[in-house]
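Please open the model in a viewer and keep the selection panel at hand. The stops below are given in the order in which they may be selected.

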Amino acid sequence: MTESQTAVRPERRAELAAGLARVRARIADACAAAGRQRDEVTLVAVTKTYPAADVVALAGLGVTDVGENRDQEAAPKAEAVAAAGAAPRWHFIGQLQRNKARSVVRYADVVQSVDSVRLAAALDAAAGAVRDRPLDVLVQVSIDGDAARGGALPGAADPQRGLDPVAAAVAGADVLRLAGLMAVAPLGWEPDRAFARLAEVAAALRADHPGATVLSAGMSGDLESAIGHGATHVRVGSALLGMRPALR
């Protein structure tokens, strides 16, 4: 990727700055309403389908954390952003196949979507081969218990997909660090119902793993509710970057 492909047009920088100001104001207002400090919540800019130039611009505007959900897009984008001199903290937030683990561990600082013991093992093996520091992991939770949509299952005895076995596998891994949980509000659920349930699951996890304090929840449409129920990270795309280009 050439320097011109990571250069930011002034008008686009202005658009991103305006979007960032609006999102930051929403987060600040939600924290105030919940009686929380603003610095308790981290914005993760979800840049899937957006160019590396946007990531470089956001980094220049003070965004420290960036989320991607497809390795085939994220890997070259992370390389281009680094070549342009920006160094955001990369979160992999999409469903992850085990055969992509070797690639993801090379650029991701956090993997938010671990939902099986097998995936935890694959990530640990891959990370151990190439990393000199731990890889932060969030266990993705299925709030409604629908195994078909991804996410570990709270309270389930399933040795591969149950939340407790997955969390234990991450916590016991050599190179992974269990940082907390991630979830998406299920379709058809009111955000407050979904995130209240998630808060209960997170509290139970912390009882067994006190260091697992990260709670990634809330997106452009429901970040206020997520913050009200304890989210430490919100994943925002369209509200920050504008209408998303179509996936190819």
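**A tour by selection**

Begin with Arg133, which forms a salt bridge with Asp132, their closest N and O atoms lying 3.7 Å apart; a salt bridge is a side-chain nitrogen of Lys or Arg within 4 Å of a carboxyl oxygen of Asp or Glu. Arg133 is partly exposed at 42% relative accessibility, whereas Asp132 is exposed at 73%. Here buried means under 20% relative accessible area, exposed over 50%, and partly exposed in between (1.4 Å probe, protein chains only).

The model is predicted: local features need pLDDT of at least 70, side-chain atom pairs count only at pLDDT 80 or more, and totals for chains, interfaces and linings use all residues. Residues are numbered from 1 along each chain as its sequence is written, and side-chain values use heavy atoms, with hydrogens and water left out.

Next, select Asp144 and Arg149, whose side chains meet in a salt bridge at 2.5 Å, N to O. Asp144 is partly exposed at 29%, and Arg149 is partly exposed at 41%. Salt bridges with shared partners also join Asp65, Arg89, Asp136 and Arg177 into one network. The whole structure holds 16 salt bridges.

Another of these pairs is Arg26 with Glu224, where the closest N and O atoms are 2.7 Å apart. This pair links distant parts of the chain, Arg26 being in helix α2 (residues 10-34) and Glu224 in helix α9, 198 residues apart. Helices (H or I, at least four residues) and strands (E, at least two) are DSSP runs, numbered from the N terminus.

From Arg26, move to Ser220, which touches Arg26, Arg235, Val236, Gly237, Ser238 and Ala239, residues up to four places away in sequence not being counted; contact means heavy atoms within 4.5 Å. Ser220 lies in the loop between β7 (214-216) and α9 (223-228). Is Ser220 buried or exposed? At 16% relative accessibility, Ser220 counts as buried. Its side chain reaches the backbone nitrogen of Ala239 at 3.2 Å.

Now select Leu153, in the loop between β5 (135-140) and α7 (163-171). Leu153 is buried, at 12% relative accessibility. Its contacts include Ser142, Arg161 and Leu163.

Finish with Leu123 and Leu181, which have the most contacts inside the largest nonpolar core, a set of 72 residues. A nonpolar core is a set of buried Ala, Val, Leu, Ile, Met, Phe, Trp, Tyr and Cys residues joined through side-chain atoms within 4.5 Å. A second, separate core of five residues includes Val110, Leu138, Ala179 and Met182.

Key: A polar contact is a pair of N or O atoms within 3.5 Å; within protein, one must be able to donate a hydrogen and the other to accept it, and residues adjacent in sequence count only if both atoms are side-chain atoms.
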